[in-house]
Amino acid sequence: MDVEDLEGLSARELHDRAVRYAVRHGDLGFLWRLLKAIPAAEAASGDREETANDLSRVSALLSDAMAAGEGRLGEALRPVYIAYLAEHPDA
């Protein structure tokens, strides 16, 4: 898919495609970038308390990564998913 096609997908669809591809291909680099991006995306989406919690708990980040395609957080992470999926057109 090209970037224009990816832009038409929901945040949930982008999340699922990107995470599924990264897990299937053992792309820990992307998963780590996603984990690092979640606190900033949560802050941008207005959830500052969750940001503070996530910075102190890695397990929360892992949990968030698996569900980071929903709601305002998913929308805030759309650019992360689009950039990753654009690099991997077969995802």
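## Basis of the description

The model is a predicted one, in which local features need pLDDT of at least 70 and side-chain atom pairs count only at pLDDT 80 or more, whereas totals for chains, interfaces and linings use all residues. Residues are numbered from 1 along each chain as its sequence is written, and side-chain values use heavy atoms, with hydrogens and water left out.

## Overall architecture

The protein chain holds seven helices and zero strands, and its pattern, read along the sequence, is α-α-α-α-α-α-α. Helices (H or I, at least four residues) and strands (E, at least two) are DSSP runs, numbered from the N terminus.

Of the 91 residues of the protein chain, 41% count as buried, where buried means under 20% relative accessible area, exposed over 50% and partly exposed in between, with a 1.4 Å probe and protein chains only. Among contacts with a separation of 6 or more, 67% are made by residues 24 or more positions apart; contact here means heavy atoms within 4.5 Å.

A nonpolar core is a set of buried Ala, Val, Leu, Ile, Met, Phe, Trp, Tyr and Cys residues joined through side-chain atoms within 4.5 Å. The largest such core has 23 residues, of which Leu14, Phe30, Leu34, Ile38, Leu77 and Tyr81 touch the most other members. Helices α2 (11–24), α3 (28–44) and α7 (78–87) each supply at least two residues of this core, and the largest share, seven residues, comes from α3. Leu34 illustrates the packing: not counting residues up to four places away in sequence, Leu34 touches Val19, Ala65, Leu77, Val80 and Tyr81.

The 17 residues of α3 should span 24 Å at 1.5 Å a residue, and this agrees with the 24 Å between its end C-alpha atoms; the expected span is 1.5 Å times one less than the number of residues in the helix. The buried residues of α3 are Phe30, Leu31, Leu34, Leu35, Ala37, Ile38, Pro39, Ala41 and Glu42.

Rings of Phe, Tyr and Trp (its six-membered ring) pair if their centres lie within 6.5 Å, and planes under 30 degrees apart count as stacked, over 60 as edge-to-face and the rest as tilted. By this rule there are two aromatic pairs. Tyr21 and Tyr84 form an edge-to-face pair, at 6.0 Å centre to centre and 65° between the planes, and this pair links Tyr21 in helix α2 with Tyr84 in helix α7, 63 residues apart. Phe30 and Tyr84 form a stacked pair, at 3.8 Å centre to centre and 25° between the planes; Phe30 lies in helix α3 and Tyr84 in helix α7, so this pair ties together parts that are 54 residues apart in sequence. Ring pairs thus link Tyr21, Phe30 and Tyr84 into a cluster, in which Phe30 counts as buried at 0% relative accessibility and Tyr84 at 1%.

The side chain of His88 makes a polar contact with the side chain of Tyr21 at 3.4 Å. A polar contact is a pair of N or O atoms within 3.5 Å; within protein, one must be able to donate a hydrogen and the other to accept it, and residues adjacent in sequence count only if both atoms are side-chain atoms. Leaving aside neighbours within four places in sequence, His88 is in contact with Tyr21 and Asp27.

Ser45 is found in the loop between α3 and α4 (48–56) and counts as buried at 14% relative accessibility. Its side chain reaches the backbone oxygen of Glu42 at 2.9 Å, and, leaving aside neighbours within four places in sequence, Ser45 is in contact with Arg72 and Leu73. Gly46, which follows α3, has a positive phi, near 95°.

Gly74 lies in helix α6 (residues 71–76) and is buried, with a relative accessible area of 0%. The C-alpha atoms of Gly74 and Glu42, 32 residues apart along the chain, are separated by 9.4 Å. Beyond its neighbours within four places in sequence, Gly74 is in contact with Ala11, Ala68, Gly69 and Tyr81.
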